[in-house]
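Student: I have a new structure to read. Where do I begin?
Tutor: Let us look at it together, one feature at a time.

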Amino acid sequence: MMKPASLTLLLLAAGLGSAAWAENATLIRASDLKAKPFTDAATVTSLPEQSKVQIITNEGGWTQIKSSNGKTGWVRLLNVRPDKQGDSGTNISSLGNVLRTGSTGSTATTGTKGINKDDLERAEPNPKEVKRLDQYKSSGKEAERFASANNLKAREMSYLDAGDGQRN
């Protein structure tokens, strides 16, 4: 039997890591369309802010897209906002949208670049943000439905070491 935390991590990783569907989206800032998912890759073309695109897949901090003129390439994950598709309510798939662009229009990050050990030691809990994120939780039934619809398979995963011997 898979632990709930393992299932959640699996679904989150699979949902954000590699999509098996094309999803309509909009660029939230002007972006260079790259031939490969690397900053120093050749630029295919430049796309203006508010360009309509289709998401093909995600890889790390990059999203492969097809532009409205048919060109395919890679842009930074945080430059793309998936379009809303009806009123499906809050579920696990909407979590990816928050991680990509934030619900307030502020920029999110996919790493810790620029954060040092002192910053982490001075960090304080933010219960208000935790409460805001609670609106994106899903039930086990919703997670199973999402996994089934996206052909995800259960995998056993071990917990990450929190560094202090405790599980979070």
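Student: Which residues of H5 are exposed on the other side of the helix?
Tutor: First, a caution: this is a predicted model. Now the general idea. An α-helix has 3.6 residues a turn, so residues three or four places apart point the same way. Here, Lys141, Glu144, Arg145, Ser148 and Ala149 of H5 are exposed.

Student: Which residues of H5 are buried?
Tutor: Ala143, Phe146 and Ala147 are buried in this helix, which covers residues 140–149. Viewed down the axis of H5, the buried residues fall within an arc of 100 degrees, so they line one face of the helix.

Student: What follows H5?
Tutor: Asn151 follows H5, and its phi is positive, near 55 degrees. Asn151 is a residue other than glycine.

Student: Is Asn151 buried or exposed?
Tutor: Exposed means over 50% relative accessible area. Asn151 has 63% relative accessibility, so it counts as exposed.

Student: Let me step back to the whole chain. How many helices and strands are there?
Tutor: The chain has five helices and seven strands. Read from the N terminus, the order is α-β-β-β-β-β-β-β-α-α-α-α.

Student: How do I read a strand pair? Which way do E5 and E6 run?
Tutor: Look for the bridges. Strand E5 (residues 62–67) and strand E6 (residues 72–76) run antiparallel, joined by five bridges. Gln64 stands opposite Trp74 in E6.

Student: What do E5 and E6 form?
Tutor: They form a hairpin, with four residues between the strands. Gly70 sits in the turn, with a positive phi of about 90 degrees.

Student: What does Leu47 touch?
Tutor: Leave out residues up to four places away in sequence. Leu47 then touches Leu27, Ala30, Ser31, Leu33, Val53, Ile65 and Ser67.

Student: What share of the chain counts as buried?
Tutor: Of its 168 residues, 30% do. As for the surface, the chain exposes about 11500 Å², and carbon and sulfur atoms supply 51% of that.

Terms used
Residues are numbered from 1 along each chain as its sequence is written. This is a predicted model: local features need pLDDT of at least 70, side-chain atom pairs count only at pLDDT 80 or more; totals for chains, interfaces and linings use all residues. Side-chain values use heavy atoms; hydrogens and water are left out. Helices (H or I, at least four residues) and strands (E, at least two) are DSSP runs, numbered from the N terminus. Buried means under 20% relative accessible area, exposed over 50%, partly exposed in between (1.4 Å probe, protein chains only). Accessible areas come from the Shrake-Rupley method with a 1.4 Å probe; for residues, only the protein chains shown count as cover. The arc is that of the directions from the helix axis to the C-beta atoms. Two strands pair if DSSP finds at least two bridges between them. Contact means heavy atoms within 4.5 Å.
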